[in-house]
Amino acid sequence: KYKGAPMILLDDVLSELDSDRRLFVLDRVIHYGQTLITTTDLRPFTSNFLHHAKVFSVAAGIISAGKG
(Lines give C-alpha, C1' and ligand atoms only; values in the text may rest on other atoms or scores of the structure.)
Protein backbone atom coordinates (compact mmCIF):
# COMPACT_ATOMS: atom_id res chain seq x y z
CA LYS A 1 0.00 0.00 0.00
CA TYR A 2 1.13 3.53 -0.78
CA LYS A 3 1.42 5.51 2.44
CA GLY A 4 2.33 8.92 1.00
CA ALA A 5 0.08 11.93 0.94
CA PRO A 6 -2.50 11.96 -1.86
CA MET A 7 -2.37 14.48 -4.68
CA ILE A 8 -4.96 17.25 -4.55
CA LEU A 9 -6.70 18.31 -7.77
CA LEU A 10 -8.64 21.59 -7.70
CA ASP A 11 -10.38 22.30 -10.99
CA ASP A 12 -10.87 26.06 -11.43
CA VAL A 13 -11.89 26.38 -7.79
CA LEU A 14 -10.61 29.95 -7.28
CA SER A 15 -13.05 31.42 -9.79
CA GLU A 16 -15.91 30.27 -7.57
CA LEU A 17 -14.61 31.85 -4.34
CA ASP A 18 -14.48 35.35 -2.89
CA SER A 19 -11.05 36.86 -2.17
CA ASP A 20 -10.95 35.80 1.52
CA ARG A 21 -11.71 32.19 0.67
CA ARG A 22 -9.19 32.24 -2.21
CA LEU A 23 -6.48 33.32 0.22
CA PHE A 24 -7.57 30.62 2.66
CA VAL A 25 -7.31 27.89 0.00
CA LEU A 26 -3.97 29.13 -1.35
CA ASP A 27 -2.52 29.40 2.16
CA ARG A 28 -3.46 25.77 2.84
CA VAL A 29 -2.29 24.17 -0.39
CA ILE A 30 1.01 26.06 -0.62
CA HIS A 31 2.28 23.94 2.30
CA TYR A 32 0.89 20.69 0.94
CA GLY A 33 2.91 18.31 -1.18
CA GLN A 34 1.39 17.75 -4.60
CA THR A 35 -1.45 20.01 -5.67
CA LEU A 36 -2.69 20.60 -9.19
CA ILE A 37 -4.90 23.65 -9.71
CA THR A 38 -6.45 24.38 -13.09
CA THR A 39 -7.42 27.91 -14.05
CA THR A 40 -8.00 30.19 -16.99
CA ASP A 41 -6.77 33.25 -15.06
CA LEU A 42 -3.66 33.62 -12.89
CA ARG A 43 -4.78 36.93 -11.35
CA PRO A 44 -6.47 35.33 -8.30
CA PHE A 45 -3.14 33.73 -7.29
CA THR A 46 -0.91 35.64 -4.91
CA SER A 47 2.61 36.52 -6.02
CA ASN A 48 3.94 34.43 -3.12
CA PHE A 49 1.98 31.41 -4.32
CA LEU A 50 3.17 31.83 -7.91
CA HIS A 51 6.76 32.22 -6.69
CA HIS A 52 6.59 28.74 -5.15
CA ALA A 53 4.52 27.14 -7.91
CA LYS A 54 5.38 25.46 -11.17
CA VAL A 55 3.12 27.03 -13.77
CA PHE A 56 2.22 25.31 -17.04
CA SER A 57 0.21 26.69 -19.94
CA VAL A 58 -1.79 24.78 -22.51
CA ALA A 59 -2.42 26.46 -25.86
CA ALA A 60 -3.50 24.73 -29.06
CA GLY A 61 -2.81 21.37 -27.41
CA ILE A 62 0.79 22.28 -26.53
CA ILE A 63 1.94 22.26 -22.89
CA SER A 64 4.67 24.74 -22.00
CA ALA A 65 6.37 25.41 -18.65
CA GLY A 66 7.08 28.82 -17.29
CA LYS A 67 6.23 31.31 -14.61
CA GLY A 68 2.88 33.07 -14.66
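**Reading burial, ring pairs and a pocket**

Q: At 12% relative accessibility, does Phe49 count as buried or exposed?

A: Phe49 counts as buried, because its relative accessibility is 12% (buried means under 20% relative accessible area, exposed over 50%, partly exposed in between, with a 1.4 Å probe and protein chains only). This is a predicted model, in which local features need pLDDT of at least 70, side-chain atom pairs count only at pLDDT 80 or more, and totals for chains, interfaces and linings use all residues. Residues are numbered from 1 along each chain as its sequence is written, and side-chain values use heavy atoms, without hydrogens and water.

Q: How many aromatic pairs are there?

A: Rings of Phe, Tyr and Trp (its six-membered ring) pair if their centres lie within 6.5 Å; planes under 30 degrees apart are stacked, over 60 edge-to-face, and the rest tilted. The count here is one aromatic pair. Phe45 and Phe49 form this tilted pair, 5.5 Å centre to centre with 35° between the planes. Phe45 is also buried, at 9% relative accessibility.

Q: Where is Asn48 found?

A: Asn48 lies in helix H2 (a DSSP run of H or I, at least four residues, numbered from the N terminus). Asn48 is partly exposed, because its relative accessible area is 44%.

Q: Which residues lie nearest the centre of the largest pocket?

A: Thr35, Leu36, Ile37, Ala53 and Lys54 do, among 24 lining residues (on a 1 Å grid over the protein atoms alone, a pocket is an open set of points where a 1.4 Å probe fits, with protein on both sides within 12 Å along at least five of seven lines; lining residues have an atom within 4 Å of a point). Helix H2 (47–52) is one of the elements giving two or more residues to this lining.
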